[in-house]
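User: I am new to this structure. Please take me through one part of it closely, step by step.

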Amino acid sequence: MNKKQLFDQIKTKKSFLCVGLDPVLENIPQHLLKYENPVLEFNKQIIDATKDLCVAYKPNTAFYESMGLKGWDTLIKTWAHIPKDIFTIADAKRGDIGNTSAMYADAFFNESKSQMSFDAITVAPYMGKDSVSPFLNYTDKWVILLALTSNAGHSDFQLHQTPDGKLYEEVIRVSSAWANSEQLMYVVGATRGDEFANIRRLAPDNFLLVPGVGAQGGSLADVCEFGLNSECGLLINSSRGIIYAGKGEDFAEKAREEALKLQVEMEQILTAAQLI
Ligand SMILES: O=C(O)c1cc(=O)[nH]c(=O)n1[C@@H]1O[C@H](COP(=O)(O)O)[C@@H](O)[C@H]1O
């Protein structure tokens, strides 16, 4: 999916919500345990209940890798269940020497090899350009580079002052020469609402993937105040806040209610910004 198609989806659905699919078997409602694959059934029902309210799904691969062979199978089948007009993000946070990154890129982008073809993958920038290029070589796919993350530990390295500014600012400045805003997005945590004006100065046209609303306490309004651009430019992720909104047989309805609350708020924001 290209940038225009993504913005078209945002306008059609009046939403820039990304639902995070981070299932944990222990948190799955009891009544699903009778299924052969309860996690897959959980994901399918969450997707079916929210697909008209969101423009993206983001399975974090850790939640699948931790289940071994069955987890990988669940990830493949979850990806296959997501409607094709919805943007898919493999949240894998990969990045390694070039020939290894090329294998990671195949793992998430090359359906004929891996049975999955996500639209985007999250990538760690630490190893530099040659570790990111193999993902960018899939020219119809997106790299979402970690810039300023939502966790407390972001201050350990990302805020370090370099002669040219903070380290995360360097990440954005340098990487923006590797690909344009048609192929490169950045992760910026919702918990850093105060940094969005600065980030938009460095990356005016790039989409930002913003996790950290919901369970981590970030504010949608704060992010949008400085984060919105003329093509919306934001994908706001919520995982636990949506998928675990209910614990009973009505868990999918409860998930829908939470997604709807965010969608309604997003519609108001898009309307006020005259983007729809
Ligand atoms: O890349 C990410 O998606 C990510 C980056 C970041 O800075 N913070 C962050 O929470 N995430 C991911 O976003 C999701 C947030 O989940 P919730 O806190 O449950 O909404 C998890 O899958 C995290 O791994």
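Analyst: 8 strands close into it in the order 1-2-3-4-5-8-9-10, and the pairing is parallel. Strands here are DSSP E runs of at least two residues, helices are H or I runs of at least four, and both are numbered from the N terminus. Two strands pair if DSSP finds at least two bridges between them. From one strand to the next, the twist averages 30 degrees.

This is a predicted model, where local features need pLDDT of at least 70, side-chain atom pairs count only at pLDDT 80 or more, and totals for chains, interfaces and linings use all residues. Residues are numbered from 1 along each chain as its sequence is written.

Now look at strand 10. Strand 9 (residues 208-211) pairs with strand 10 in the parallel sense over 4 bridges.

20 residues surround the ligand, and the closest are N60, T149, P211, S239 and R240. Here a residue counts if its C-beta atom, placed from the backbone, lies within 6 Å. Strand 10 (234-238) and helix 12 (240-243) are the elements that give two or more residues to this shell.

Note on methods: Axes fitted to C-alpha atoms, helices over the stretch in contact; angles between N-to-C directions.
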